[in-house]
Amino acid sequence: MLFRTLLLLISTLTAVAQKGLTEIPVTIKDGWFTAKTISFDKYTTGDRKNGIDQSANLSFIKNPIDAFNFLLLCDTCKPGSKAHIQALYTPHIAFSERSLPSVLEHADANNKFFYIVIQAADSISGNWEMILRNMTYLDLNENKQAGILRSPQGEFKVTANNHFGIVNSYENIRYEFVFRKKVVAAVIPGNNPRVWLDLNNLKEEQRIIVAAAMAALLLR
């Protein structure tokens, strides 16, 4: 069993290297008298605040669950480079009148979606939304699509797998962001978070959006 696990880990690490991803250090600051913040690459999260502070963007969701919001800041980007993120959970039924990719449309009616809205200060990036479904063990074993990160400017497919954990478990779930059939970013939330980025093929305006989506997963 141990030998098989080691082989799986080695093959996974090799696959990651072949995808052109670079692992980025993640720093967590969580002091006694300060709010928890997370930093990676050029980005740092602001304070995580409970609730919704711009309800107009989420008016179609009647009963949001565990909602929170925060800012994503970039000190080394051009002036004004930041994004405001609102996140929550909601039942699948809330999206009954919205167009969804088939993987979400056919999700179980009781499936609780994780939903975020990203408002970038940069008008080029615009507003984005990410919708993720709860995954089964089989979904994770096969790295199936968990959801989508999208806007009128384009979209990323989001897959999820347990290749860094134990088969048939929710340990170390890794979310991968796929753009034009290429994995351009990945994140493992939890107590030991990890982040990867394709530093060569992500445009600056795409990078902050993907970073905002990963930050929401790290803070939820």
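Predicted model: local features only at pLDDT ≥ 70, side-chain atom pairs only at ≥ 80, totals over all residues.
User: What does glutamate 142 form a salt bridge with?

Analyst: Its partner is lysine 144, and the closest N and O atoms of the two are 3.5 Å apart. A salt bridge here is a side-chain nitrogen of Lys or Arg within 4 Å of a carboxyl oxygen of Asp or Glu. Lysine 144 is partly exposed too, because its relative accessible area is 33%.

User: How many salt bridges are there in the structure?

Analyst: Nine. One of them joins arginine 98 to glutamate 129, with 2.9 Å between the closest N and O atoms. That pair links distant parts of the chain, 31 residues apart: arginine 98 is in the loop between β7 and α2, and glutamate 129 is in strand β9 (residues 127-132). Helices (H or I, at least four residues) and strands (E, at least two) are DSSP runs numbered from the N terminus.

User: Are those two buried or exposed, or something in between?

Analyst: Arginine 98 is partly exposed, because its relative accessible area is 28%. Glutamate 129 has 10% relative accessibility, so it counts as buried. A network of salt bridges links Arg98, Glu129 and Arg150.

User: What about aspartate 139?

Analyst: The side chain of aspartate 139 meets that of arginine 133 in a salt bridge, at 3.1 Å from N to O. Both aspartate 139 and arginine 133 are buried.

User: Back to arginine 98. What ring does it lie over?

Analyst: Arginine 98 lies over the face of phenylalanine 60, 4.0 Å from the ring centre. The rule is that NZ of Lys or CZ of Arg must be within 6 Å of the ring centre and within 35 degrees of the ring normal. Arginine 220 likewise has its charged end over a ring, that of phenylalanine 114, 4.7 Å from the centre.

User: Rings, then. How many aromatic pairs turn up?

Analyst: A search of the whole structure gives eleven aromatic pairs. Among them, phenylalanine 95 and phenylalanine 113 form a tilted pair, 5.6 Å centre to centre with 50° between the planes. Phenylalanine 95 is in the loop between β7 (82-91) and α2 (102-105), and phenylalanine 113 is in strand β8 (residues 112-120), so the pair links distant parts of the chain, 18 residues apart. Rings of Phe, Tyr and Trp (its six-membered ring) pair if their centres lie within 6.5 Å, with planes under 30 degrees apart counted as stacked, over 60 as edge-to-face and the rest as tilted.

User: Why does phenylalanine 95 count as buried?

Analyst: Because its relative accessible area is 0%. Phenylalanine 113 is buried as well, with a relative accessible area of 0%. Another tilted pair is phenylalanine 164 with tryptophan 196, 5.5 Å between centres and 50° between the planes. Phenylalanine 164 lies in the loop between β11 (154-161) and β12 (174-179) and tryptophan 196 in strand β14 (residues 194-197), so this pair ties together parts 32 residues apart in sequence. Phe60, Phe95, Phe113 and Tyr115 make up one aromatic cluster.

User: And the core? Which residues touch the most other members?

Analyst: In the largest nonpolar core, which has 49 residues, they are Phe40, Phe114, Ile118, Met130, Leu149 and Phe177. The largest share of this core, twelve residues, comes from α4. A separate second core of 14 residues includes Ala67, Leu88, Leu100 and Val117. A nonpolar core is a set of buried Ala, Val, Leu, Ile, Met, Phe, Trp, Tyr and Cys residues joined through side-chain atoms within 4.5 Å.

User: Last one. How many helices and strands in the chain?

Analyst: Four helices and 14 strands. Of the 220 residues, 48% count as buried.

Methods
Residues numbered from 1 in each chain as written. Heavy atoms only, no water. Buried < 20%, exposed > 50% of the residue type's maximum accessible area, 1.4 Å probe, protein only.
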